Amino acid sequence: MERKTYPEDVTRSNLNLEQESTMINQPKKLNLKEFYLTPPMPVTKRPISISKQDSTKQETRDLKPNVALGSSRYLETNSGFNTKQPRPLQKYARTVKETKQRGQSKVGPSTHTSNVFAYGSGIEGLVKAAKVPKRTPKSAAANRSDSTNINKPLKQPFQLTMSRNNPGTTIDDTMKILNPHDYPGKSKTANTFSPATRYEQNVGSQCDKIVCNAACLIELSRKECYNEIQQMVAKAIKNHKIFLIRGDIPYLEASMKSRGWVQKYESTKTRMVPYGSVASLDAPSLGSIQLPDGSFNEKMVIFQMLRHVPPDFIWDCRNEFTDWNSNIKQSTLLNRFQKSFIYTSKLGMATILEDTHWNYEEKVSNVQYPRTYNACRDKNAFVEDYRMTAAVSLLKWFVEQIREGVEYILRGSSPISIQQIEFAIKRCEQLVATANNEYLDVPQAAVSSQEWDSFIQNYIKAVHLENGFVETTSGPPFPEIEVNTAIAVLKKVKDIDPQFELNGYRNIWILKPSDLCCGTGIVMTHKLSHIMKRVYDGGRDYFVVQKYIEKPFLVECTKFDVRQWYLVTKSYPLTIWIYKESFLRFSSRPFSFANYHEAVHICNTAVQCKYSEQKNSVRAKDWDCKKINEYLKKAGYSGEPWYDEVYPKIREAIIATMLAAQKHMDKRRCSFELYGADFMIMNDLSVWLIEINTNPRMHPPSTRVTERLYPDVMESLVKVVLDRPVNPNADTGNFVLAYQQNVTDFQPYLGASMFVLGEGINRLKPKSLQERENSVNP
């Protein structure tokens, strides 16, 4: 190549013209395959001392890379982790620093200092070292100052992070940061530059080559990440390990992924539609392939790969569960039975519990539940129960006042007549006689509604407004015979009424929306008029009216209920797993009948979370089963009262309820369901079932106890559902098998399955017409 002569060649005569020409004429396009496959050159150490005569030669030799940039050995040597090896990049930085100190030009590509990488890779340190404004270099004689900073390392060593979570950027993004005239591929004729400019362009080309090669490596790492995700998804599809969660349960998600399952994601458009009805929709909620911080959006890639693949495991947290018969495979594991609302809604549970006596078995299945009415449909039955409960309650209150010696004569502003006690005694006697079938042939005079209304008003004045009795003109106000009669009648009522202790004497009822959860819409009252008004305002089948338990077992004067998780893995034969530990839910205020506030009487977690915990409250102490067991021991109960008396009754109640609900459960082979049963414990340690919840709350945790229990419940559930079918001896965590139904010879109807018993008919060769005529007319 013919080279033009410049005046500056006198001062640059020591440069090798062949090497300078080679550095100027950079290739237009980088051959990545040839570049990466080229073995790196060994690193050669050079002395640091530079003589005056050889300073220019030494600068030129230091600017020549000794290792193939972009190769694995270069990245390993200059990644900032091996500081003992000499680095060409450090030498380049030292030369730049020396030049700056001597007042000469800074070498490197002509770029703006504002261009900075936004990605987390180590290219940033490299680009910062190269992005300096260019100047015209002075003569080499000016470079004879001392080089005291020649051994100073780079402030930010060159590092390249290759991971699936932070792949960096692409080649195009990298090259956009550089100015157009700094592109290695854009050729410029050597004759248009002076030797100083060609010298600067040579250094800039080397720097561009470093940036380009690092960006190529980042792009290759991104492709590697994509291939890894693709292989992971393909393996999961082959092994039928694709799961879908409609809701927010991170504990279940973590447990599934630890077993090699891959989660299928949905867009916001498909979350409220039946499964499989829409095969593919855009997912703007999942974002783009690359996140704003430059990291790799793995969810979006998996979404695109699995949008046409049906899941093998579905967990649906929605209460409005859609019909899935025609939209889901029969082999797909599903966390719901199709018609569980029949027995999990408050009205449905009250209906099926009426048949639990048919499934009674001592120490196996038995349940106690407060009586519940659909007051909109069964108005007469509820009103009669309310009136009789008021009559019994007045006698209880009357006897208690006498025994405690409370002043009862002319107490309050509206004392009632003694005749109300006589009215209550007659009504209780009629109740006992009816229960013993004593009035089958003897008709009884009906009590008018006006009489009952007058009695209810006087009952509320005495019990709830704390009024006394009117003093009679002759004799004591309460003859001894009336007190004894009341005690005797109450004893007979107790023998025929299993909920005698539950009633108390305040006649409080609780109204619950049948299909709502989380304590929404619950109302407490003792007035019949208020109850009926709310029932009619709510509409048909909206409210259920349940008797309030007036004698709960209190822990440090605080009410609580028990949430017990259990798992049904088969509807026939019925298979029930019960979690070993129960969750105690305390109210945030001390128990009292002074008001009916939800913070006092409703222990639901969603309700109590709305109120701040008071200092030294029971709810703030995180009670568990062990702690309450010790509390019962101190209260005078022998043995292990919680584990010997309370927990077995909880298990029996769950078994009895599910046996009554079995006929309403669909017989799908791959369905299972997690339930949360709520119980109240009375002061005599009797256990009463309040309600059963499908889709119980499992996130977020509300206390330190739930922080421990929620993850363990989900992990134990996965062990039962996924591990045990493969290995019968597999660990089931804290779920224990509570009941497994015996399989009978007669199988229930599971769908159309037509078959014929008998032997097949052999097809004979058809006879000819002549043979048939001869057989008929021989």
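Colleague: Which residue is the bridge partner of Ile314 in S4?

Modeller: In this predicted model, strand S3 covers residues 313–316 and is joined to S4 by two bridges, the two strands running parallel. Strand S4 spans 333–334. Within S4, the bridge partner of Ile314 is Leu334.

Colleague: In what order do the strands of this open sheet lie?

Modeller: The sheet is formed by four strands with parallel pairing. Strand S2 (262–264) and strand S4 (333–334) are the edge strands, each pairing on one side only. The order is S2-S1-S3-S4.

Colleague: What angle does the direction of helix H9 make with that of S1?

Modeller: Helix H9, residues 250–257, packs on this sheet and touches S1 (242–246), S2 and S3. An angle over 145 degrees counts as roughly antiparallel. The direction of H9 makes an angle with that of S1 of about 175°.

Colleague: Which strands does helix H10 lie across?

Modeller: Helix H10 is made of residues 298–306. The helix runs at about 75° to S2. The strands that H10 lies across are S1 and S2.

Colleague: Which residue does Arg246 meet in a salt bridge?

Modeller: The structure holds 25 salt bridges, and one of them involves the side chain of Arg246, with an N to O distance of 2.9 Å. This pair links distant parts of the chain, 20 residues apart: Arg246 lies in strand S1, and its partner lies in the loop between S2 and H10. The partner of Arg246 is Glu266.

Colleague: Which residue in S8 stands opposite Tyr373?

Modeller: A further open sheet has four strands in the order S5-S8-S6-S7, with antiparallel pairing. Its edge strands are S5 (372–373) and S7 (523–525), each of which pairs on one side only. Two bridges join S5 to S8 (residues 543–547), and these strands run antiparallel. In S8, the residue opposite Tyr373 is Val545.

Colleague: How do the residues of the contact of H14 with H15 divide?

Modeller: The crossing of these two helices is left-handed. H14 contributes Gln420, Phe423, Ala424 and Arg427, while H15 contributes Glu451, Trp452, Phe455 and Asn458. These residues divide into four nonpolar, two polar and two charged.

Colleague: Why are H21 and H22 roughly perpendicular to each other?

Modeller: H21 (residues 625–634) and H22 (residues 641–661) have axes 9 Å apart. Angles of 65 to 115 degrees count as roughly perpendicular. H21 and H22 are therefore roughly perpendicular, as they pack at an angle of about 105°.

How values were computed
Residues numbered from 1 in each chain as written. Predicted model: local features only at pLDDT ≥ 70, side-chain atom pairs only at ≥ 80, totals over all residues. Heavy atoms only, no water. Pairing = 2+ DSSP bridges. Contact = heavy atoms within 4.5 Å. Axes fitted to C-alpha atoms, helices over the stretch in contact; angles between N-to-C directions. Left-handed = near helix turned anticlockwise from the far one by under 90°. Nonpolar A, V, L, I, M, F, W, Y, C, P; charged D, E, K, R; others polar. Salt bridge = Lys/Arg side-chain N within 4 Å of Asp/Glu carboxyl O. Parallel < 35°, antiparallel > 145°, perpendicular 65-115°, else oblique.
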